[in-house]
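Student: I have a structure here and would like to know where its labels come from. Could we go through them one by one?

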Amino acid sequence: MKSLKKWLTVALSISLLSACALAPQKAEALEQSDDMRAVWISTVYSADYPSVQNDMEKQKQEFITKLDEIKNMGLNTVVVQVRPKSDAFYTSQINPWSEILTGTQGKYPGYDPMLFMIEETHKRGMEFHAWLNPYRITTSGTDMNVLAENHPAKLHTDWVISHNNALYYDPANEQVKQYICDTVEEIVKNYDIDAIHFDDYFYPNGYPLNEGETQDGQQANQRRANVNDMIRRVHETIQSIKPDVAFGISPMGIWKNKGSDATGSDTKGAEGYYSVYGDVRTWIQNRYVDYIVPQIYWSRGTEAADYETLIKWWTEEVKGTNVDLYIGQGIYKDDVASEIGEELLLNERYGIQGSFYFSLRDLLDNRQNCKVAVMNYYAQKDGTGQQIPTPPEQNTSTENTIPEQNKPTETIPPEQNEQKPEQNLEQKPEQPTLSDAPVVFDPVETNESQALPKQEYAIAAQSNVIIDGKQVDFDAYVINDFNYFKLRDIAYAINGTEKQFDTLWNEKERAINVLTNTPYSVAGGEMQKGANKNKTALLSDGKLYFDNIEKALTAYNIDGNTYFKLRDLAKALDIGIAWNESSQTIAIETNSSYTE
C-alpha cells in the first residue's frame, strides 16, 4: 500500500507539527483505515461509467454520485479505467480522446475528465489509481481507418498485431515499450494520481506460437521477457518522476498450477504464465511492482480453484518482498457475492492488506447482498456505524424455473439477475454496443479453465443490428469478448428469407436440432427485451445439430435461455455478416454467404 503508507505518514506529520496545508481530508480519511478498500470502475463500453456521452455536466454529476456511494460503503480507493483502448480520459499529447466520452475518438469532451475525477476523489480523502490497458487498440475489428487520425497505431502500423479480430500493440516491439512508458510518464508528470494500475491483459489470450514451439520453449520465454521488460521500465519511469506514486498490476488468479510447476498453486485453472505470458513471480521477486491484485474470482470450496488455497499461496509468494498483496474479489458472481463477508474474514486471517472489488455495478446493485456485507464488514472493522440488516424480502437465489418443453431455448425474460465481470447500475447501464467480433471486458477477464465450472459473466449489450437493411433489436450479451444471441430470436428475425430455419428440442437427448430452409415455428417469447442487466452465464452441456449433423458450437444458458455466438451461427447458416466500427453496427445479409 505504497500510496496509503505515504498518506498515513503525511497524516502523522501533520498531527505532530500541527500543520494543515497538506490535504487534510485525505490524511484524515486514511488515518481511520490503513487497509486498501478499492473498486474497479470500468469505462470500456461504459460498463460502469459514463452512462451518457457529450454531456459534461451529467458525466460529472454521475461520477460524484457514484463516488459518494463508494465512500459511504467504507471504501477508500477508486481504480478508474482512463485508457481503455489506447485512448485517453485525460489531456494527452500522445493518445487521442476516448470515444467513450463523446462517441467519436479524438473529440474533445469539453473538460478534462481525469483531472475532475482526481479532484473529487481527493476531496473525499480517497485515493485515485489510474487504470491503463497497455496493449489494447481495439476491442473488435481490425480496420484502422476508424481510429482517430492521431492514434499511435494509425501513425505506426508496424507496431500493430492482430488476433481474434482485434488489434493490439506488439509487446516485442521496442518502440511500443517506449510508447507505453511515455504514456505513463505523461500521466505521472501531469496529474496528482496515487498509482498507475494495469490489469491482466498482456499478450492476447491464445496468441499462437510458431509451429514446433512449446509453452516453455524459446518463443514463449521471449514473450514473457518482453512483458517483463515493459513492466520493469514502467516502474523505473514512475520512480524517476514521483517515487511516491505506486505501480500495481492485477494478474490472473493463478500463476501456474501445481501440475505445471511443483511450486505452483494446488489448482487446475487457466495459468497467467501461459495464457497471457504474465510472469508475476518475476515482477514480485525483482520488485517491478509495488502491489499486486490477483483476480481470485472463485468461491470457497471450488474444486479446481479453491479461494482459501489461492490466497494462502499468494500470501507466501509475496512474503519478504515488500510487495503489497490485495485480493481481487469477483462479486460479479453470485457464489462469491453471497460469501464476500466470509472471504474478507479469511483475508484478514492471512494478513492480507486489502481488496479490490469487481465490479462497481454489482456493489451498487447489492448483488446477493454483497453491498450490505461489505459495509457491515468495514463498519465492524472500524468500530464505527451500525450494522445494516439484510432486507428480509431480498431473495438471494438466482435460480429460475426452466419450462421443460423448450428447455434450452428462450421463454423466460432474461433480466432478473446479473453476474460477472461488469456490473449493473441503478441507472440504465451503459451497455456495450454489440459488434460481430470480440469485445474485451475488464479488468477481469476471468480466464477460467475448462476444468472449472464454466460460469461466465454476460454483459447486457445494446444491439445495433441491421438485417437486410432493417434495424432489429435483440436481447443479447457479450461473453468472453464475443456477442451471443438467442437461437430462437435469430430464427424469428430471419424467418421468410432464404436462410430461414426452425428449431426442435429433444428433451431425452438434451439436444437442439436446427432444420435449415424450413419456416420457423413461433414458440412465444421471441425478441423479448429484458431490463438491460448483466447476468450469470453457464456453459451449456446440451448438444446442437444442424439437419441432424452434430455441430460443436459454444453456447451459454442465461436465465433458462440458450445463447450462441453470433458469428458461429452466421457461419453455420452461411449468412453474410459484417461489422461497421464507425457506426458500431452489425449488418446481416441473408442473401449473402458467410465470409471470415
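Student: Where is the place of Lys319?

Tutor: Lys319 is found in the loop between α11 (307-318) and β10 (324-325). Helices (H or I, at least four residues) and strands (E, at least two) are DSSP runs, numbered from the N terminus. Before we go on, this is a predicted model, in which local features need pLDDT of at least 70 and side-chain atom pairs count only at pLDDT 80 or more, while totals for chains, interfaces and linings use all residues. Residues are numbered from 1 along each chain as its sequence is written, and side-chain values use heavy atoms, with hydrogens and water left out.

Student: Why does Lys319 count as exposed?

Tutor: Exposed means over 50% relative accessible area, buried means under 20%, and partly exposed is in between (1.4 Å probe, protein chains only). Lys319 has 54% relative accessibility, so Lys319 counts as exposed.

Student: And why is Asn347 called buried?

Tutor: Its relative accessible area is 3%, so Asn347 is buried. Asn347 lies in helix α13 (residues 340-349). Leaving out residues up to four places away in sequence, Asn347 touches Tyr307, Ile311, Ile327, Gln329, Ile352 and Ser355; contact here means heavy atoms within 4.5 Å.

Student: How many aromatic pairs does the structure hold?

Tutor: There are 27 aromatic pairs. Rings of Phe, Tyr and Trp (its six-membered ring) pair if their centres lie within 6.5 Å; planes under 30 degrees apart count as stacked, over 60 as edge-to-face and the rest as tilted.

Student: What makes the pair of Trp40 and Phe356 tilted?

Tutor: The Trp40 and Phe356 planes stand at 55° with 5.3 Å centre to centre, and the pair is tilted. This pair links distant parts of the chain, 316 residues apart: Trp40 is in strand β1 (residues 36-41) and Phe356 in strand β12 (residues 354-357). Both Trp40 and Phe356 are buried.

Student: Which kind of aromatic pair do Tyr332 and Phe358 form?

Tutor: Tyr332 and Phe358 form an edge-to-face pair, with 85° between the planes and 6.0 Å centre to centre. Tyr332 sits in the loop between β11 (327-329) and α12 (334-337) and Phe358 in the loop between β12 and α14 (360-364), so the pair ties together parts 26 residues apart in sequence.

Student: How do you know that Tyr332 is buried?

Tutor: Tyr332 has a relative accessible area of 0%, so Tyr332 is buried.
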